[in-house]
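Thank you for making time for this.

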Amino acid sequence: MPVIRTADRSDAGTLSRLAEATFRSTFGAVNSPQDMALHCQVSYSEAIQAGEIANPDMLTLLCDGDEGLVGFAQLRWDGAPDCVAAQSPGEIQRLYVADAWHGKGIAQGLMHACIEALQARNSDVAWLGVWERNPRAIAFYRKCGFVGVGDHVFPLGSDPQRDIVMARSIAGPSSNIAPQRGTSGERP
């Protein structure tokens with residue numbers, strides 16, 4: 001059974017490889033190789049991951065399976081777009097699962113751990129940006145209670161793309177991620 005834990009500096013290399021692989025798997029077929037390469041170069045190196053792991057305004061959660069890392073999530077607390085109405089917002093900057101582990105509850109486990117970590121830092125709203133052309137992720141976030149509250153530009157290499165900003169309240173002691181009724185950063 002996979003286990004979710006907090007990353008430490010020794011995880012930077014493995015995380016770097018998983019982060020790039022899952023990003024390329026998710027978005028590579030529908031973006032130019034040049035934009036993908038540029039984005040991966042400036043986002044997923046081992047040094048960048050080590051810096052993000054060490055950053056006190058970020059938290060990296062890893063999901064370990066029998067053969068190593070199978071998913072990860074990265075949270076940050078350094079501001080939110082104006083469309084996110086919150087006193088103390090926290091962002092789910094990234095949430096990715098290796099292809100072989102899709103449909104096995106890993107994303108739900110990571111989301112649950114994200115909500116708990118955000119609550120532990122006294123965040124009242126969780127928010128994220130998701131590419132408008134990623135219906136699978138949008139559906140997952142809706143099932144987790146997120147609703148669309150706006151949009152922002154996500155620069156993928158030289159291509160400015162539209163991300164939908166989604167948010168949900170996490171105020172209070174409950175870390176429930178059950179669906180809520182409603183209407184519709186780095187990409188989770």
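This is a predicted model: local features need pLDDT of at least 70, side-chain atom pairs count only at pLDDT 80 or more; totals for chains, interfaces and linings use all residues.

How many helices and strands make up the secondary structure of the protein? There are five helices and seven strands, where helices (H or I, at least four residues) and strands (E, at least two) are DSSP runs, numbered from the N terminus. Read from the N terminus on, the order of the elements is β-α-α-α-β-β-β-α-β-α-β-β.

Residues are numbered from 1 along each chain as its sequence is written, and side-chain values use heavy atoms, with hydrogens and water left out.

As for the overall dimensions, the C-alpha trace spans about 35 × 35 × 30 Å along its principal axes. The radius of gyration is 15 Å, which agrees with the value near 16 Å that a compact globule of 188 residues would have; this radius is taken over C-alpha atoms, and the globule rule is 2.2 Å times the number of residues to the power 0.38. Of the 188 residues, 48% are buried, where buried means under 20% relative accessible area, exposed over 50%, and partly exposed in between (1.4 Å probe, protein chains only).

Let me now turn to the individual residues. R94 has its place in strand β4, residues 89–97, and it is buried, because its relative accessible area is 2%. Its side chain makes polar contacts with the side chains of two residues: E52, at 2.8 Å, and Q74, at 2.5 Å. A polar contact here is a pair of N or O atoms within 3.5 Å; within protein, one must be able to donate a hydrogen and the other to accept it, and residues adjacent in sequence count only if both atoms are side-chain atoms.

D35, in helix α2 (residues 33–43), is also buried, with a relative accessible area of 12%. Its side chain is joined to that of S158 by a polar contact of 2.8 Å. If neighbours within four places in sequence are left aside, D35 is in contact (heavy atoms within 4.5 Å) with L156, G157, S158 and D159.

Finally, H152 is found in strand β6, residues 147–156, and counts as buried at 18% relative accessibility. From H152 to I164 the separation is 12 residues in sequence and 6.7 Å in space, C-alpha to C-alpha.
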